[in-house]
Amino acid sequence: MSTPVGVPAPGELLRRLGARATATDDPVTHVERVAPSAGVTAPWPDWVPEPLRAGLARRGVVTPWRHQVTAANHAYEGRHVIVATGTASGKSLAYQLPTLAALLTDPRATALYLAPTKALAADQLRAVAELELDGVRPACYDGDTPRAEREWIRRHSRFVLTNPDMLHHGILPGHAHWSTFLRRLAFVVVDECHTYRGVFGSHVAHVLRRLRRQAARYGPSVAVAGPDDRSRPSAGTPVFVLASATSGDPAAAAERLTGLPVTAVTEDSSPRGGLTFALWEPPLLPPPVTGSTGGFDAEPDGGADDGRADDDGAGGAGDGRADEDGPEGVGQVRRSALRETADLLSDAVAAGVRTLAFVRSRRGAEVVATTARRQLDEAVPGLGDRVAAYRAGYLSEERRALERALLSGQLLGLASTNALELGVDLVGLDAVLICGYPGTRASLWQQAGRAGRSAREALAVLVARDDPLDTYLVHHPEALFGRPVEATVLDPNNPYVLGPQLCCAAAEAPLTPADLALFGEGAPAAVEALVAAGALRKRPTGWYWRHTGRPDVDLRGTGGTPVAVVESSTGRLLGTVDPGSSHFLVHPGAVYLHQGVSYVVDELDLADGCALVHAQEPDWSTHARDVTDLSVLSVRSRVDAGPVSLFLGEVDVTSQVVSYQRRRIATGEVIDTRPLDLPARELRTVAVWFTLTEASLAEAGITTAEVPGALHAAEHAAIGLLPLVATCDRWDIGGISTALHPDTGLPTVFVYDGHPGGAGFAERAYEAASSWLRATRAAIAECGCETGCPSCVQSPKCGNGNNPLEKAAAVRILDVVLANLPKEPK
Ligand SMILES: [Zn+2]
Ligand SMILES: [Zn+2]
């Protein structure tokens with residue numbers, strides 16, 4: 001790979017990119033410099049068989065890095081290990097070495113590799129197949145595997161690559177077909193394990209426990225042969241090797257995920273070039289012309305087109321209030337982050353810089369690529385051909401062709417959705433543009449890590465979207481740099497995960513008292529509840545699944561079967577929407593976007609779980625309104641601080657989508673509001689909430705009339721800033737605020753997990769309340785707008801049309817809270 005001639009240094013490129021800055025409006029708010037580091041190698045462990053070493057040498061691996069050897073030694077010696085290092089630090093070698101060594105040394109041993117996506121498993125299969133190791137017979141086993149091949153794989157493959165969904169739906173329920181494989185299971189590799197977070201992560205934690213249970217049932221695991229293997233794992237217990245992006249406290253997260261003691265290897269000894277990391281805030285647009293909302297782009301700025309609108313609906317956790325419709329308050333608006341990213345991509349490509357742009361939605365990625373192509377073609381006809389969009393729907397061959405074209409320099413710009421869809425080898429680029437904060441510092445570094453190769457300087461730019469969190473971050477670089485990345489949050493004790501998973505386990509084989517210990521401290525009570533509910537039956541030999549079919553449990557769903565979106569005229573399935581979002585996104589009359597095509601919903605059939613739509617390109621968008629009630633069931637923990645109290649507890653949230661507005665796309669003008677007849681939905685979950693006394697509000701100069709708007713504004717910004725302290729997305733959480741809540745008797749702001757039973761987010765918010773609310777206050781107070789804008793207190797998913805909102809009074813409310821609330825320990 002040759003360096004394109006005349007590639008500017010990062011500093012020079014940044015200067016050029018920022019050339020559009022005016023004296024008063026420099027888009028670059030901060031530049032962080034990450035120094036280069038030299039790599040540290042280690043000799044090959046002497047237990048690595050010669051064919052494996054030779055295969056790796058053919059692939060260009062001459063000497064391993066020290067962290068690879070450290071992790072591999074732990075695993076080889078039978079200790080469960082997680083390697084949590086940066087992008088492109090060669091984590092795969094850390095698990096390939098011990099796993100493949102075991103398969104070569106013992107001709108009967110087997111290994112299971114889990115990736116969060118089929119694409120990643122396919123990449124790994126290619127990497128392992130290239131090593132040409134005799135007798136290993138690696139194979140992917142997932143939803144795409146032809147029936148005819150499945151039996152061969154079960155019988156003959158010793159390195160099976162799959163994903164947690166297939167393990168859950170296919171392999172574990174059919175464990176008898178896998179008995180030989182499971183009996184001999186020596187290693188389980190869990191790749192990209194930081195993606196197993198929240199409710200999905202909690203489910204995967206139990207799927208891994210079910211796997212351990214079946215391996216133990218069919219065990220003893222084969223004693224992996226070798227002259228000096230006295231420290232091999234005990235019978236029936238495969239060794240877990242986990243690979244993670246850099247994350248906070250990876251050992252604890254891995255222990256929660258696997259239920260086993262895990263050693264962490266976090267020191268990254270691979271070489272790094274220096275990185276210049278710039279924070280970029282798009283400039284404000286000129287004030288709007290009367291009657292127009294002033295420059296809202298018609299294209300969604302980051303709306304996911306998989307049926308889940310970004311910042312909309314919140315997995316059912318709409319932020320609803322009972323107040324009435326009002327005009328959408330739109331004040332100052334910034335240039336769209338998509339447009340800005342497209343401009344930066346054009347400039348970078350014109351300068352001959354190989355650049356990858358990360359955009360949050362597929363449609364957004366298309367917009368960035370299309371805009372950049374057009375701009376480049378206008379400048380130099382044909383230059384646009386060197387930019388492409390990278391779609392999840394592409395076949396892996398097509399994706400690899402694009403990756404190769406980018407690495408070779410034939411393609412100079414690529415706009416893509418998220419890192420996971422990208423091949424593991426797509427690293428070493430000159431620049432990475434990140435359109436919108438990806439939600440966590442861990443993902444930010446993972447994306448930025450695609451730029452830079454040993455001894456080559458690279459550039460990363462975070463382009464802020466017009467929302468509270470992004471705006472806060474580009475003005476508070478200390479919140480991004482020089483502090484550790486987040487820990488991965490998951491909660492296997494969530495009763496809404498534990499109960500269904502125990503049913504799955506019981507359906508696979510009756511549960512014994514000894515099994516319960518495997519599933520955690522909540523398991524005995526959960527089993528009793530399942531017996532009482534008629535799901536399980538207790539017999540002398542254990543607990544039995546009472547029904548004939550298997551339990552219907554979806555690992556990635558947020559409760560219930562997804563709603564299918566179907567084109568009536570053709571019967572074509574366009575996509576699915578999770579049931580929690582369906583009332584918001586596919587109610588009758590809703591405009592539904594799919595891969596850039598617009599559809600209008602004719603009917604939402606809740607009984608059959610489908611929405612019937614027809615293609616139509618209306619010049620309006622639709623915005624659902626809901627009414628939400630919340631009642632407190634129990635308080636788990638509380639802090640009383642003078643006039644302020646902070647709570648963590650269980651709540652019931654009842655929300656009903658009652659109407660929707662139609663708004664002109666071009667102007668934002670409200671055409672009309674139409675009623676809807678949809679049933680209320682209930683969510684039992686975990687919430688964090690704070691109350692203030694009315695006296696303290698009056699003392700802070702907040703009038704009675706301002707209180708609802710002040711609480712509402714504080715609630716919006718608090719929801720926007722929660723991802724700063726918890727690894728959640730804005731749509732994982734919801735909120736409600738009220739000047740007088742019946743259960744507290746006081747002005748109250750609630751923020752709740754949008755998933756049944758909670759996913760650990762409210763708990764994190766409670767633990768980090770002081771830093772969370774301090775950042776929330778700063779985000780509002782420091783915003784340059786007068787009465788509130790999308791960068792501070794307006795929420796794109798407000799079920800109440802962003803009305804009322806009192807920006808200034810919200811700051812005073814948070815001042816009262818922060819003046820009283822103790823800072824959290826640490
Ligand atoms: Zn603002
Ligand atoms: Zn709201």
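This is a predicted model: local features need pLDDT of at least 70, side-chain atom pairs count only at pLDDT 80 or more; totals for chains, interfaces and linings use all residues.
The largest nonpolar core comprises 87 residues, of which Phe 277, Leu 414, Tyr 472, Leu 692, Trp 772 and Leu 773 touch the most other members. Helix H21, spanning residues 707-721, makes the greatest contribution to this core, with 9 residues. When residues up to four places away in sequence are not counted, Tyr 472 is in contact with Ala 479, Leu 721, Leu 724, Ala 775, Ala 778 and Ala 779. Another core, of 40 residues, lies apart from the largest one and includes Val 61, Ala 75, Leu 120 and Phe 187.

The structure also contains 5 cavities of 30 Å³ or more. The second largest cavity holds about 70 Å³ of space. Its lining consists of 8 nonpolar and 4 polar residues, with no charged residues. Among the lining residues are Ile 82, Cys 193, His 194, Tyr 196, Thr 488 and Leu 490. Helix H10 (residues 250-258) supplies the largest share of this lining, namely 4 residues.

In helix H10, the buried residues are Pro 250, Ala 251, Ala 253, Ala 254, Leu 257 and Thr 258. Viewed down the helix axis, these buried residues fall within an arc of 160°, and they therefore line one face of H10. Just after H10, Gly 259 adopts a positive phi of about 75°.

How values were computed
Residues are numbered from 1 along each chain as its sequence is written. Chains are lettered from A and ligands numbered from 1 in the order in which they are written. Side-chain values use heavy atoms; hydrogens and water are left out. A nonpolar core is a set of buried Ala, Val, Leu, Ile, Met, Phe, Trp, Tyr and Cys residues joined through side-chain atoms within 4.5 Å. Buried means under 20% relative accessible area, exposed over 50%, partly exposed in between (1.4 Å probe, protein chains only). Helices (H or I, at least four residues) and strands (E, at least two) are DSSP runs, numbered from the N terminus. Contact means heavy atoms within 4.5 Å. On a 1 Å grid over the protein atoms alone, a cavity is a set of points where a 1.4 Å probe fits but cannot get out, and a pocket is an open set with protein on both sides within 12 Å along at least five of seven lines; lining residues have an atom within 4 Å of a point. Grid points are joined across faces, edges and corners, and a volume is the space filled by probe spheres set on the points. Ala, Val, Leu, Ile, Met, Phe, Trp, Tyr, Cys and Pro count as nonpolar, Asp, Glu, Lys and Arg as charged, and the others, Gly among them, as polar. The arc is that of the directions from the helix axis to the C-beta atoms.
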